[in-house]
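User: I have a structure open and some terms to sort out. Can you take me through them?

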Amino acid sequence: MDSITPPSGTGPAVETLAAGGARTVTADEQPRFSARETVLTMAGVLMVMLLASLDQTIVSTAMPRIIAELQGFDRYTWVSTAYLLASTVMVPIYGKLSDLVGRKPIFLFGVVVFLLGSALSGAAQSMNQLIAFRAFQGLGAGALLPIAMAIVGDLFTPRERGKWQGLTGAIWGLSSIIGPTLGGWITQNTSWRWVFYVNLPIGILALLVLIFLMPALRGKNRQVSIDYLGAVLLVLGALPLLLGFSLAGNQYDWLSPQIIGLLAGAVVFLAAFLLYEARLERRQGQPIIEPGLFKNSIFTVSTIVTVIFGMGLFGSVFFIPLFVQGVVGTTATNSGLILTPLMLTSVVGSIFSGQLVSRIGKYKWIAITGMAISVVGSYLLTRLDVHSTNTDVLVAMLVLGLGMGFGMSLYTLVVQNAMPVHKIGQATSALVFFRQIGATVGLAAMGSIMTSAYQPAFDQALPAAVKQLVPARFLSAFNNPEILLSDSARQQLQQAAAAFGPQGQRLLATILEAVKTGLAQGIHNVFVLSFGLMVVALVAVFFLKEIKLRDRRRPQSQEADQGQEAAAPEAGELVGLI
């Protein structure tokens with residue numbers, strides 16, 4: 001879509017629409033922000049994003065100290081699960097509200113709730129209190145990432161957004177590198193409570209910057225109609241869905257009544273949500289997630305790629321530290337440090353791809369290249385086995401991290417470029433929401449695959465002579481491969497092996513080698529699934545239509561949706577779809 005922008009303060013601009021008509025757009029419809037507003041707003045936004053991204057890595061490092069003091073080992077996973085569930089279900093709601101009432105109030109509300117939740121979490125006196133306060137903190141965190149991305153879309157033209165989106169992606173990669181070290185230092189030198197309190201001074205500074213210097217970023221003359229029922233249905237559908245996939249294979253079997261009940265309830269409420277949203281859209285209402293978004297081919301393909309990419313990427317990345325520590329045998333004070341090479345190349349890839357997009361104004365071949373690199377990285381992971389070395393894992397991580405950096409923020413830019421200004425918030429948040437759903441589902445599926453593959457591989461790797469000599473009661477201690485990660489458990493097994501006489505330690509070494517083989521096979525199956533998902537995502541990227549990144553902002557009052565034009569191209573344009 002070509003357009004002509006008059007100098008500021010001059011007469012109307014004439015914008016040529018794809019249908020061939022023309023209409024008048026006044027100059028004051030185009031959002032304009034001073035350099036001071038832009039720079040200081042982005043400084044505040046980046047500080048908030050750094051806080052949100054650091055939170056998970058810092059807290060996970062401090063968890064051993066927390067559960068020791070609060071005596072909640074049986075509930076330790078819920079400290080993170082409650083946070084993730086609350087933040088995920090709120091993402092699309094905040095995105096839509098930001099389109100209606102403006103980015104600033106929703107973003108500030110999220111920051112305030114996040115900081116209040118941080119203070120409450122630091123003051124928690126029991127494990128149950130900590131879980132509840134973390135869920136409250138997650139309610140605020142759900143506004144931070146999607147609104148921050150939408151703010152980038154408001155402040156900059158699509159051509160300018162590339163380098164800023166690349167920078168925001170680099171923030172998340174950087175936090176994964178420094179988070180474990182910072183969390184360990186805080187826990188060792190102060191109280192674990194400071195992993196939460198540390199958010200307050202930086203957060204308050206960012207809050208003051210945003211309150212006084214951030215523009216409103218709100219569309220003009222928009223009728224505000226909040227979809228309360230849609231929000232309730234979405235929460236009632238997404239929460240049991242995420243909860244079901246989080247618990248399946250861990251606390252409950254996949255076919256247990258608890259998991260079936262949760263997933264069935266999710267299907268019912270999500271179906272009701274979709275039907276209600278479609279009905280509301282037909283009546284010209286303001287649904288939380290407009291079904292019409294999927295008429296936009298660019299949004300649909302980007303969502304599909306993001307979901308599949310999230311499933312494959314986050315699932316495989318989660319199991320790399322387990323492979324390094326359990327199979328390769330590398331000791332690490334914190335498993336997060338093992339991923340440092342992957343995160344470093346992801347930072348490089350994110351910044352480089354963002355700069356490249358801004359320079360050339362095109363994205364499709366960059367998306368294809370990044371996904372192809374991810375496929376190669378995933379393939380290298382599938383080649384890892386019980387004989388692999390740290391160098392083998394390092395090479396695979398470096399390649400996978402580079403591809404991860406390319407795709408970390410690119411699809412947000414692609415979707416924002418295809419959407420009118422008044423839909424940027426909900427489109428961006430919907431993309432984040434579906435990506436988190438994909439990551440949760442992928443992680444649950446891969447965890448089940450690893451668990452189911454471990455025991456048969458362990459039994460097959462165990463020599464028949466050992467099975468005859470060692471009682472089944474002793475072998476049952478090896479039903480869980482986590483035995484490879486616990487020094488205390490190994491010491492107990494060495495003491496127990498002494499009962500078998502001089503050959504006891506040899507028997508134990510043989511059994512542990514079989515455990516490594518079983519774990520390697522289980523993780524190998526995970527990596528194979530990840531590789532297959534990456535290949536599917538690569539194929540899907542070829543269906544992503546190229547729309548040149550605009551050099552200026554689309555007027556806020558524009559009703560023509562470039563994305564919908566993309567969904568129904570002229571016959572001659574079909575060749576350009578692939």
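**Reading the labels**

Analyst: Phe352 is partly exposed, at a relative accessible area of 46%. This is a predicted model: local features need pLDDT of at least 70, side-chain atom pairs count only at pLDDT 80 or more, and totals for chains, interfaces and linings use all residues. Residues are numbered from 1 along each chain as its sequence is written, and side-chain values use heavy atoms, with hydrogens and water left out.

User: Why is Phe352 called partly exposed?

Analyst: Buried means under 20% relative accessible area, exposed over 50%, and partly exposed in between (1.4 Å probe, protein chains only). Phe352 has 46%, so the label is partly exposed.

User: What makes Phe406 count as buried?

Analyst: Its relative accessibility is 7%, and the cut-off is under 20%, so Phe406 is buried.

User: Why is the pair of Phe352 and Phe406 called tilted?

Analyst: Rings of Phe, Tyr and Trp (its six-membered ring) pair if their centres lie within 6.5 Å; planes under 30 degrees apart count as stacked, over 60 as edge-to-face and the rest as tilted. Here the centres are 6.2 Å apart and the planes 55° apart, so this is a tilted pair. Phe352 lies in helix H12 (residues 340-360) and Phe406 in helix H14 (residues 390-408), so the pair ties together parts 54 residues apart in sequence. Helices (H or I, at least four residues) are DSSP runs, numbered from the N terminus.

Terms used. Helices (H or I, at least four residues) and strands (E, at least two) are DSSP runs, numbered from the N terminus.
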